[in-house]
Amino acid sequence: MRILIVGAGGVGTAAARIAARRSFFTHCVVADYVRERAVAAARATDDPRFVAAAIDASDEAAVEALLREHRIDVVLNATDPRFVMPLFRAALAAGAHYLDMAMSLSRPHPEQPYARTGVMLGDEQFALAGEWEAAGRLALVGMGVEPGLSDVFARYASDHLFDTIEEIGVRDGADLTVDGYDFAPSFSIWTTIEECLNPPVVWEKDRGWFTTAPFSEPEVFDFPEGIGEVECVNVEHEEVLLIPRWVDAPRVTFKYGLGQEFIDVLRTLHKLGLDRTEKVRVGDVEVSPRDVVAACLPDPAALGGRMRGKTCAGTWVKGVRDGAPREVYLYHVVDNEWSMREYGSQAVVWQTALNPVVALELLANGTWKGSGVLGPEALPAEPFLDLLNAYGSPWGMREQ
């Protein structure tokens with residue numbers, strides 16, 4: 001297998017470091033808009049299979065040319081969601097398979113944003129599913145940790161743990177702190193703003209997909225391995241758009257443990273218009289307010305040495321097994337001290353990067369295969385979870 005990783009930030013660099021310990025591929029190009037960053041990510045692997053390249057992820061023709069030059073089999077998109085569609089189309093044009101960890105962007109309903117869906121996450125990608133099928137190529141979308149591993153958990157629960165499912169809820173929480181900063185998000189603030197300030201989507205079988213107000217339906221969820229109780233709220237996320245396509249569930253939600261301070265900051269950014277992506281003129285230049293916010297905050301990939309604690313991603317499932325009610329929480333926890341010591345990557349970006357690498361190995365050995373545009377829950381869960389254990393990062397299950 002010959003791989004192109006686009007994006008040499010925290011997640012792309014962590015993916016390269018994880019993949020370097022495996023033998024399923026022969027060649028990997030790490031590409032970034034900033035050549036020096038791509039070079040640093042490739043060199044950090046200390047592996048001759050990795051080379052660096054400079055690329056503008058928004059330039060479809062340039063990406064297609066790079067794919068053809070290196071005879072790439074599969075693209076791993078480790079950029080932010082703005083670049084999903086150009087990379088998605090370039091991979092299709094070049095005859096390569098494609099993986100991403102965040103899907104094409106949504107647009108709220110113009111009149112009823114907190115009741116009805118507009119353009120949903122992934123709609124632009126699913127619109128091209130027929131072309132991917134005709135080409136005999138696979139676009140595996142939403143294959144990070146959330147979405148990604150959380151979707152695998154949903155498929156595993158459906159296949160092995162329940163006779164009927166009543167509700168699936170992805171729940172994400174952490175007890176991470178960052179020394180020396182009053183406010184320092186552990187993941188891309190650009191993506192976090194996109195997720196948290198857009199209208200959250202909920203799935204109910206008798207209603208289909210609908211939206212609510214941001215930060216709605218707060219609940220306290222008890223996370224495992226010492227993290228404890230965290231208040232979680234509805235957030236727009238790909239799992240709600242993916243799971244109902246392949247898993248029979250009357251209700252699907254995604255709730256994120258943000259904390260009141262984080263919610264207050266996001267609300268303030270929104271009130272001031274600093275969440276906007278449209279450029280505004282400042283003196284002689286035009287800038288995106290959201291890009292300015294991102295530039296003013298520390299790079300999440302560089303925070304690992306100051307971070308303490310654990311992050312947990314998981315899927316809560318409620319239903320019936322053998323005539324009795326059952327609730328389980330399938331989860332994956334990463335301790336920042338461990339990920340920094342073992343890989344030099346902070347916990348949140350490492351956990352995100354791990355899962356697409358596992359998926360790439362399953363594609364390389366033929367265990368996972370298909371064509372069209374598929375989510376992780378469209379493929380068998382057991383091989384993925386077994387290989388996750390083999391990577392030295394086991395998952396867990398708790399009966400609620």
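Is arginine 71 buried, partly exposed or exposed, and what is its relative accessible area? Arginine 71 is exposed, at a relative accessible area of 54%; here buried means under 20% relative accessible area, exposed over 50%, and partly exposed in between (1.4 Å probe, protein chains only).

The model is predicted: local features need pLDDT of at least 70, side-chain atom pairs count only at pLDDT 80 or more, and totals for chains, interfaces and linings use all residues. Residues are numbered from 1 along each chain as its sequence is written, and side-chain values use heavy atoms, with hydrogens and water left out.

View 1. Helices (H or I, at least four residues) and strands (E, at least two) are DSSP runs, numbered from the N terminus.

**View 2. The cis peptide bond from glutamate 146 to proline 147.** Omega of this bond is near 0°. Proline 147 lies in the loop between β6 (138-140) and α7 (149-161).

**View 3. The salt bridge between aspartate 248 and lysine 205.** A salt bridge is a side-chain nitrogen of Lys or Arg within 4 Å of a carboxyl oxygen of Asp or Glu, and the count by this rule is 22. In this pair the closest N and O atoms are 2.6 Å apart. Aspartate 248 is in the loop between α9 (238-246) and β13 (251-256) and lysine 205 in the loop between β9 (201-204) and β10 (208-211), so the pair ties together parts 43 residues apart in sequence.

**View 4. The salt bridge between glutamate 219 and lysine 255.** The N to O distance is 3.0 Å. Because glutamate 219 lies in strand β11 (residues 219-223) and lysine 255 in strand β13, the pair ties together parts that are 36 residues apart in sequence. Glutamate 219 is partly exposed at 25% relative accessibility, whereas lysine 255 is buried at 5%.

**View 5. The salt bridge between arginine 341 and glutamate 342.** Their closest N and O atoms are 3.9 Å apart. Arginine 341 is exposed, at 55% relative accessibility, and glutamate 342 is partly exposed, at 33%.
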